[in-house]
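Me: I've got a model open and I'd like to learn how to read it feature by feature. Could you walk me through it?

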Amino acid sequence: MSVRVRFAPSPTGYLHVGGLRTALYNFLFAKKHNGKLILRIEDTDRTRYVPNSVENLIKTLAWAGIEFDEGPHIGGPYAPYVQSERLEIYRKHAEMLVEKGWAYYAFDTAEELEQARQKSPHHEFKYDRHSMKNQFTFGNEKTRELISQGIPYVIRLKVPESQEIRFFDIIRGEIIVNSKDVDDQVLLKSDGYPTYHLANVVDDHLMNITHIIRGEEWLPSVPKHILLYNAFGWEVPKLAHLPLLLNKDKTKLSKRQGDVAVEDYIEKGYFRDAFVNFIALLGWNPSKDREIYSIEELIDKFELEKVNRAGAIFDVVKLDAINAKYLYSKPVSELAKEFRFWVERRGYLGLSDDYLQKVVALLRERVKKLPDIMDFAPYMFEKPVQYDLEFLKKHWNETTYENMKDILTILKQIEEFTSEKIHDTIVNYLNTKNLKLRNIIHSLRVAITGLSYGAGMFETMEVLGKEEVVERLENFLNNVVPKIQIEI
RNA sequence: GGCGCAUUCGUCUAGUGGUUAGGACACGGCCCUCUCAAGGCCGCGGCAGGGGUUCGAAUCCCCUAUGCGCUACCA
């Protein structure tokens, strides 16, 4: 049978980076085996539904390069792909289970259950079908009567008293759980919606899913699912439970401790391929001495069997390093195109492609992310508004002003304003004064950029252009120096 | 509390009975140098602990510890 896998998120807002990794592994696995990737929306909790999150999810996944073969946005042979549109299917299956004796009606209210839970000291409450309000304690006749009267009810799974449930996980191997530790899970809620467990099992079967690849937090509920598959007489799909993505303190990755929404990282300017590359390597690694992989290579090398079992901490520092590697190796023309988006968003309009290319080429090795260039070197976009006086003080002496004035004069005479020409011109001048480059270059840098750091000074001047450089120097000498004279 | 899963440098990981336990990021030093980077070289640093099995264990088994997850009419 050909591979069919699914990504089944809840529409509760944004796409979590853990969700992206789950989606990515499903995607890689599907592509690797020429299978299909299905998007299924698990919106069975009406209280947590957030409008527009499905559109958002799809958009964000598309940003990462993950496209689906079937889903609510494109349809498919197993539609609908939104669980809230499949309510009758779940009800029918839940009732089928009751008929077969695998499930039963129960009438306990949420408050009653809550109270019962309060009584047990440490979360040790387990639903007792022999003492609470349900089909067994009430009898079939009364149960029918209550239902016909419209009394709210749920349908619960009748879990065997003591039975060994064993299953095989591709990543973790064989796992054995005794059914005495499994609760009589609610399958159909009193509002008519199914719980995750019922909907998931029914849909995975009806949609012919061959492999369930999902987060480790689902591992403890697999026994319930096995019981359901058995009750229906269905084959259990292959299982693979992925290790969790963790915060620095090793708890499950969550808000509060940093950004968890993929959108946050898009917003910060990480490259999609770098981000996907990073995420893919959290919990899986195809080799021992490489970490930069294109999506095609990831697909080619992906193996569920090689996925790690232990959780992985999401470390932004490492992400930055990988993003920087992409930044240093992508073609400048491509980067400039993308850079324009960020630049214009900050309100720097009307810059030429040529200029942006030069700026990127000059500064990309000094930052981690494309838009960081604007923070690192604002002077490439606007005239300096502040000057690093602390730094200037260290390099300024009684002759600096006159030297700089002379340099301004000779710079004006350069016809081809290239970094080599600028360099030679200034060095020649300094030689006549018996000075070294280091005696003037730092002050010059502050005068032109306002900062103590940046790309090579001559290259920077070339990119800024003669007119701009002259203007800045004149302004510095005529207007800035008099004002700051006392301080330096 | 119960059940489950996990445990190799600070972090991501390679490793599947015989390796000086490898790489990357981070960190430190040196080189390069007009600053800041990038790059090159060097260094720091790890098999949670204890028992077995074995000629030999990071690798297999058991125990302990620790961490995490689940324990909802949430997913």
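This is a predicted model: local features need pLDDT of at least 70, side-chain atom pairs count only at pLDDT 80 or more; totals for chains, interfaces and linings use all residues.

Me: What angle do the axes of α3 and α7 cross at?

Reply: The general idea comes first: two packed helices are described by the angle between their axes and the distance between the axes. Here helix α3 (residues 87-99) and helix α7 (residues 196-206) have axes that come within 10 Å and cross at roughly 100°. On the α3 side, the contact uses Ile 89, Tyr 90, His 93 and Ala 94, while α7 brings Leu 198, Ala 199, Val 202, Asp 203 and Leu 206. Sorted by class, that contact of α3 with α7 has seven nonpolar residues, one polar and one charged.

Me: And how do α7 and α8 pack?

Reply: Read the angle and the distance again. α7 and helix α8 (residues 222-232) pack at about 50°, with their axes 10 Å apart. α7 and α8 are therefore oblique to each other, and their crossing is right-handed. From α7 you'll find Tyr 196, His 197, Leu 198, Val 201, Val 202 and Asp 204, meeting Lys 224, His 225, Leu 228, Tyr 229 and Phe 232 of α8. The contact of α7 with α8 divides into seven nonpolar, two polar and two charged residues.

Me: Switching to the backbone, what is phi at Asn 208?

Reply: As background, most residues other than glycine have a negative phi, and most peptide bonds are trans. Asn 208 has a positive phi, near 60°, and is not a glycine. You'll find Asn 208 in the loop between α7 and β8 (211-215). Asn 434 also has a positive phi, about 60°, and sits in the loop between α18 and α19 (441-449).

Me: Is Asn 434 buried or exposed?

Reply: Exposed means over 50% relative accessible area. Asn 434 is exposed, with 72%, whereas Asn 208 counts as partly exposed at 33% relative accessibility.

Me: Which residues does the cis peptide bond join?

Reply: Omega is the angle to check. A cis peptide bond joins Ala 79 and Pro 80, with omega about 0°. Pro 80 is in the loop between α2 (53-63) and α3.

Me: Zooming out, what is the radius of gyration of chain A?

Reply: Start with the inventory: chain A has 21 helices and 11 strands. The radius of gyration is 32 Å, well over the 23 Å that the globule rule gives for 488 residues, so chain A is more spread out than a compact globule. Along the principal axes, the C-alpha trace spans about 110 × 45 × 35 Å.

Me: How many of the 488 residues count as buried?

Reply: In chain A, 50% of the 488 residues count as buried. For contacts, look at sequence separation: among those between residues at least 6 apart in sequence, 75% join residues at least 24 apart.

Note on methods: Residues are numbered from 1 along each chain as its sequence is written. Chains are lettered from A and ligands numbered from 1 in the order in which they are written. Side-chain values use heavy atoms; hydrogens and water are left out. Helices (H or I, at least four residues) and strands (E, at least two) are DSSP runs, numbered from the N terminus. The radius of gyration is taken over C-alpha atoms; the globule rule is 2.2 Å times the number of residues to the power 0.38. Buried means under 20% relative accessible area, exposed over 50%, partly exposed in between (1.4 Å probe, protein chains only). Contact means heavy atoms within 4.5 Å. Axes are lines fitted to C-alpha atoms, for helices over the stretch in contact, and angles run from 0 to 180 degrees between N-to-C directions. Ala, Val, Leu, Ile, Met, Phe, Trp, Tyr, Cys and Pro count as nonpolar, Asp, Glu, Lys and Arg as charged, and the others, Gly among them, as polar. Angles under 35 degrees count as roughly parallel, over 145 as roughly antiparallel, 65 to 115 as roughly perpendicular and the rest as oblique. A crossing is left-handed if the near helix is turned anticlockwise from the far one by less than a right angle, and right-handed if clockwise.
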